There are 2 protein chains.
Amino acid sequence: MNPMKAVLDYLKANRIRNVDELCEYLRFPSVSAQSKHAPDMKACGEWLVRHCQRIGLRADLVTTQGHPLVLATTRNPKSAAKNRKHFVVYGHYDVQPAEPFELWTTPPFEPRLEGSRLFARGASDNKGQNFAHLKAVEAYVKTGTPLPCDLTFVIEGEEEVGSKSLPAFLKARKKELACDAFVVSDTGMPAKGVPALTYGLRGIAAFEVTLHGPSRDLHSGVFGGSIENPAMALCKLIAQLRDGQGRINIPGFYDDVTPLTAYERKQMARLPFKEASYRKMLGVPKLFGERGYTFTEQRSARPTLEINGLTSGYQGEGSKTIVPAWARAKLTIRLAPDQNPKRVMQLVLKHLKRLCPPTVRLEITAGHGAEPYVVSPEGTQAQAALRALRAAFGKEPVLLREGGSIPIVNEFKRILGVDTLLLGLGLPDDNVHSPNEKFELDCFEKGQRMSALLWQELSAA
Amino acid sequence: MNPMKAVLDYLKANRIRNVDELCEYLRFPSVSAQSKHAPDMKACGEWLVRHCQRIGLRADLVTTQGHPLVLATTRNPKSAAKNRKHFVVYGHYDVQPAEPFELWTTPPFEPRLEGSRLFARGASDNKGQNFAHLKAVEAYVKTGTPLPCDLTFVIEGEEEVGSKSLPAFLKARKKELACDAFVVSDTGMPAKGVPALTYGLRGIAAFEVTLHGPSRDLHSGVFGGSIENPAMALCKLIAQLRDGQGRINIPGFYDDVTPLTAYERKQMARLPFKEASYRKMLGVPKLFGERGYTFTEQRSARPTLEINGLTSGYQGEGSKTIVPAWARAKLTIRLAPDQNPKRVMQLVLKHLKRLCPPTVRLEITAGHGAEPYVVSPEGTQAQAALRALRAAFGKEPVLLREGGSIPIVNEFKRILGVDTLLLGLGLPDDNVHSPNEKFELDCFEKGQRMSALLWQELSAA
């Protein structure tokens, strides 16, 4: 551990300077969604390129159809060692809009340190997290400690607006980006000081169901009782899609769901979440989910069918006595590994057609889909990452699954054929996407250490 | 029949003048809903009073909190015969707004005769219908034919805006309006030349059901599966309110429903409605209603529970991945005689409370209610009315029930304790409340004859 001591000492010695530099990074109002900030986006990207160059990386601002992205690497193309491992760190320098400004204690782009908390838009999502990785590389370079692998950084400017240019970039640079794994710090830890590896994400299949009844809204007094009410038919149809135990009632639906292993369930049970406080946080009178699973499993590792919206007939004040012409439900299914959104949509379609009564006309519109993602937490890379987390935080890391999807992870797999290690440094109360976003210096510093140690663990694995 | 010959001959001889006078009546833009037409309302009421006086009635324009109403009578208070029967004819001189004007072939307040159809706003609803009754009285008066009964006319100016002033007027004039029955021509006939007595109306009970889940919309990826989705809970709740046979699934719901008699069902079966054309007119793929009843019975004489509106979560374009905080359904129950709206709402409330799962919070708001109405079609007054219809139209009349409610009929019963004979002269294609409203001269003329004959039949009954 002699070489690593120098790296870790360097990080410790430069604590204050690193925070100062992060503040510089945070001062750019790099809001990708607002066109008035396009010059700030460019300025932020250029600053980041210069910063990468200053710490010893080769770096370029790559133009795209949208906002530019920063590509930086430790590799010297002329003297690249063929058999060294190569990892790509992904992050993003764009941030969510800061509105409503009046809810911020201090302006979102004037970073403010309060105790150990650094307040600014983008502090946690994602500038603080990707900057931690850059600081770790800097420590290697500045202390003359040889990196055990090659590292490339892809820090894009369109994550908050759907990463539209990323797939084309990944395809165009397929050779340069060929690697052993992607590393992303853009997820969360369950609590301060509790390091986490996120190893699974749910997929999604969105669709809309519309039932058409009479050709126009009809007087419910004159016609009601002699024709099907499409809103009633919709309620009856949708009600059949889930049973009383919280199971989805579509034949074949669970066929491709990979059961949780005993190891995974044990790891999930370790998470510091209590049912009572979870219930209270959400404000529901009682929790409800698929029988036989904990709420942690239900919301992260089990599929679910959710109504996102209902629309039919009159929605204004008072009453309007009509049989509505149509009724619509917007639905999304969250998919568990290894369900496939297309196959699931086929099952849904077939089942709805069978259930739909002949008294109404069924219309189904399929929306976006994303595959679920899982990488074995017992695999060598995951275990290496867990060792780095343990050493950096001085605490046993937890294994997480997230209930939402992170589409880029599927792109890395699809285009480059590699897995992603999700080593998030955010905390649940970081106010990500909300006013008064903050990042804990503890997360920033331990994140730098984790990154420094990670390359050792991953290279040796 | 000698005296009646003179009356009917008078009506025939004055055919053209009667249409001319109706056109005069129709030229007033008496739109009660639009305050700019308040002067037109007053002018129309005054014209009508003068007209009543000219044909030999005592008439006054009675001021109310809203628009004035016309009160006219054949009675001479000083020489009133104590044991004569007394009937009150109700009608209204106010009309629906005529917008959108651009959809009218000719201006709505410039009556146009096209063949046997008189086009104008209010032609059928209700000026043409109440004017037919006035012309019948005129025929008695002008031919010196003694009326076999006393007649009073109440022609109000607020029917299209909810008859707000009518109950107070009925209460204030209770003595003057004490009568044997009300006669109203403001409903419809099933087809041209097919006279009809409407003897039953459904009541109504309106309510809203809201289910509250989490305290705010939640990310369906992060939380979906571990809490109840209020929209799903609503679908499941509402779906249970009706069974697969079209019966309402609320304990005790049918307890007070008076079954249709064999006579009524036979009369309903005589109506000239065909299932195929009815289905086509409404544009539904297949009819649906309570098993064991014809669609005519279902829509007019059997109770029904209808969803009038559904609202939950995201309703815009595309998808928004949320578990909505709440979901709401607007519902109305159409009541059959002798259900009571208050008692039914109590049953609904009790049942919903029992069905609602503990994972959501139930909120129910009761809306307006109206009692159903029915007068026996086998009673003496109904049979007398049927004889008058038969003689005037030269065709066997049909017995109708209407699926909607006519609140004033309940007021006549509640305040004055009398039944109403609904002898409508409108046709299904009269475009009532729509552009290009019309009234058939055939209905106008036969309506006058029916009215003239009605007083004979009712007085002798």
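Predicted model: local features only at pLDDT ≥ 70, side-chain atom pairs only at ≥ 80, totals over all residues.

**Entry 1: α13 and α15 of chain B**

I looked up helix α13 (residues 380-393) of chain B against α15(B): the axes come within 8 Å and cross at roughly 140 degrees. That makes α13(B) oblique to α15(B), because only angles over 145 count as roughly antiparallel. I recorded the crossing of these two helices as right-handed.

I then listed the residues that meet. From α13(B) they include B:Ala384, B:Ala388, B:Leu389 and B:Phe393, and from α15(B) they include B:Met450, B:Leu453, B:Leu454 and B:Leu458. B:Arg387 of α13(B) is also in the contact, as are B:Lys446, B:Arg449 and B:Glu457 of α15(B). By class, I wrote down 11 nonpolar residues, one polar and four charged for the contact of α13(B) with α15(B).

**Entry 2: α4 and α15 of chain B**

Helix α15 of chain B, residues 441-460, also packs with helix α4 of chain B, residues 123-142. Here I read an angle of about 50 degrees, with the axes 8 Å apart. That makes α4(B) oblique to α15(B). The crossing is right-handed.

On the α4(B) side I found B:Gly128, B:Gln129, B:Ala132, B:His133, B:Lys135, B:Ala136 and B:Ala139. They meet B:Phe444, B:Gly447, B:Gln448, B:Ser451 and B:Ala452 in α15(B). The residues of the contact of α4(B) with α15(B) came out as five nonpolar, six polar and one charged.

**Entry 3: α2 and α4 of chain B**

I followed α4(B) to helix α2 (residues 15-26) of chain B, where the axes come within 10 Å and cross at roughly 135 degrees. That makes α2(B) oblique to α4(B), and α2(B) passes α4(B) in a right-handed crossing. B:Asn18, B:Leu22, B:Tyr25 and B:Leu26 make the contact from α2(B). From α4(B), I noted B:Ala123, B:Lys127, B:Gly128, B:Phe131 and B:Lys135. The classes here are five nonpolar, two polar and two charged.

**Entry 4: domains of chain A**

I took the division of chain A as assigned: domain 1 (2-201 + 372-460) and domain 2 (203-257 + 303-370). Their C-alpha centres lie 41 Å apart. Eight residues from domain 1 of chain A and nine residues from domain 2 of chain A make the contact.

**Entry 5: chain B against chain A**

How many residues does the contact take from chain B and from chain A? I got 67 residues from chain B and 67 residues from chain A. On the chain B side, the elements that give two or more residues include α8 (230-239), β11 (304-313), β13 (326-335) and β14 (361-370). β11(B) gives the most to that side, with nine residues. I classed the chain B side as 26 nonpolar, 28 polar and 13 charged residues. Since 100% of the interface residues of chain B are also interface residues in chain A, the copies meet through the same surface.

Last, I laid chain B on chain A: the RMSD is 0.2 Å, by a turn of 179 degrees and a shift of 0.1 Å along the axis. The two copies are thus related as by a two-fold rotation axis.

How values were computed. Residues numbered from 1 in each chain as written. Chains lettered and ligands numbered in written order. Axes fitted to C-alpha atoms, helices over the stretch in contact; angles between N-to-C directions. Helix = DSSP H or I, 4+ residues; strand = E, 2+ residues; numbered from the N terminus. Parallel < 35°, antiparallel > 145°, perpendicular 65-115°, else oblique. Left-handed = near helix turned anticlockwise from the far one by under 90°. Contact = placed C-beta atoms within 7 Å. Nonpolar A, V, L, I, M, F, W, Y, C, P; charged D, E, K, R; others polar. Domains from an automatic or database assignment. Least-squares fit on C-alpha atoms with pLDDT ≥ 70 in both.
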